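I open this notebook to record what I looked up in the structure shown below.

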Amino acid sequence: KSYSKRGEMYVVSPFALYWDNSNYYLYAHDEKRFRYFRIDRMERIGLRTEDRDFVEEYKEENVRHQKAKVFQMYGGKEYIVKMRFRNELADQVIDQFSSDVAMIPIDSEHFTVSVPVEVSPTFFAWVSTFGRKIKILEPAEVVAKYRDFLQKPLEMYKDDGEK
């Protein structure tokens with residue numbers, strides 16, 4: 001096994017449990033920020049009895065919006081991402097980003113959304129799932145990262161003479 005933090009213990013304050021893609025995740029604060037931990041991969045779990053002073057942060061944290069911007073519990077740098085969707089993907093947009101998301105019609109077949117997203121390979125995989133039915137419009141930095149994400153697997157399939 002390969003452990004993060006060289007196998008050192010994490011001390012966290014639990015906040016919520018999530019079921020996502022057939023796995024349970026613990027959403028917890030680790031004295032610096034909120035993070036996700038996959039429950040079936042946890043080892044040596046214990047209970048500490050001292051008080052932790054994160055009550056105010058818990059009150060301020062909006063768990064539903066945090067879940068919407070993280071894809072399959074893999075976080076990354078947060079951006080406000082503007083995307084164009086075909087109308088038939090409205091349900092998928094609501095499922096991912098909540099029914100509060102503003103879907104702005106741009107023509108009879110498409111709408112746009114601008115949402116906070118922690119950009120990661122799993123976000124790009126989600127976008128790729130829908131092929132040409134989604135297009136990342138901005139910011140330019142995220143568009144460039146998505147192009148790189150798509151290019152890397154394509155390079156593996158270039159004809160290099162190997163079978």
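I took a salt bridge to be a side-chain nitrogen of Lys or Arg within 4 Å of a carboxyl oxygen of Asp or Glu. The model is a predicted one, in which local features need pLDDT of at least 70 and side-chain atom pairs count only at pLDDT 80 or more, while totals for chains, interfaces and linings use all residues. Residues are numbered from 1 along each chain as its sequence is written, and side-chain values use heavy atoms, with hydrogens and water left out.

**Entry 1: salt bridges**

I looked up how many salt bridges the structure holds. I found 3. Lys 133 pairs with Glu 88, the closest N and O atoms being 3.8 Å apart. This pair links distant parts of the chain, 45 residues apart: Lys 133 is in the loop between α4 and β7, and Glu 88 is in the loop between β4 and α3. I read helices (H or I, at least four residues) and strands (E, at least two) as DSSP runs, numbered from the N terminus.

Glu 88 also meets the side chain of Arg 86, at 3.2 Å from N to O. Arg 86 in turn forms a salt bridge with Glu 109, with 3.4 Å between the closest N and O atoms. Arg 86 lies in strand β4 and Glu 109 in the loop between β5 and β6, so this pair ties together parts 23 residues apart in sequence.

I then looked up accessibility, where buried means under 20% relative accessible area, exposed over 50%, and partly exposed in between (1.4 Å probe, protein chains only). Arg 86 is partly exposed at 24%, as are Glu 88 at 43%, Glu 109 at 40% and Lys 133 at 36%.

**Entry 2: the sheet**

I asked in which order the strands of the open sheet stand. The 4 strands follow the order β5-β6-β4-β7, with antiparallel pairing; two strands pair if DSSP finds at least two bridges between them. β5 and β7 stand at the edges with a single partner strand each, so one side of each has no neighbour in the sheet.

β4 and β6 pair over 10 bridges. Within β6, His 110 stands opposite Arg 86, and Phe 111 is the bridge partner of Phe 85. On the β5 side, Phe 111 stands opposite Pro 105, and a hairpin joins β5 to β6 through 4 residues.

I noted that 8 of the 10 residues of β6 are buried, so the strand is largely enclosed by the rest of the structure.

**Entry 3: cores and surface**

I defined a nonpolar core as a set of buried Ala, Val, Leu, Ile, Met, Phe, Trp, Tyr and Cys residues joined through side-chain atoms within 4.5 Å. The largest has 23 residues, and those with the most contacts inside it are Val 81, Met 83, Phe 85, Phe 123 and Ile 136. β6 supplies the largest share, 5 residues. A second, separate core of 6 residues includes Ala 16, Tyr 25, Phe 34 and Tyr 36.

Tyr 24, in strand β2 (residues 23-29), is partly exposed at 45% relative accessibility.
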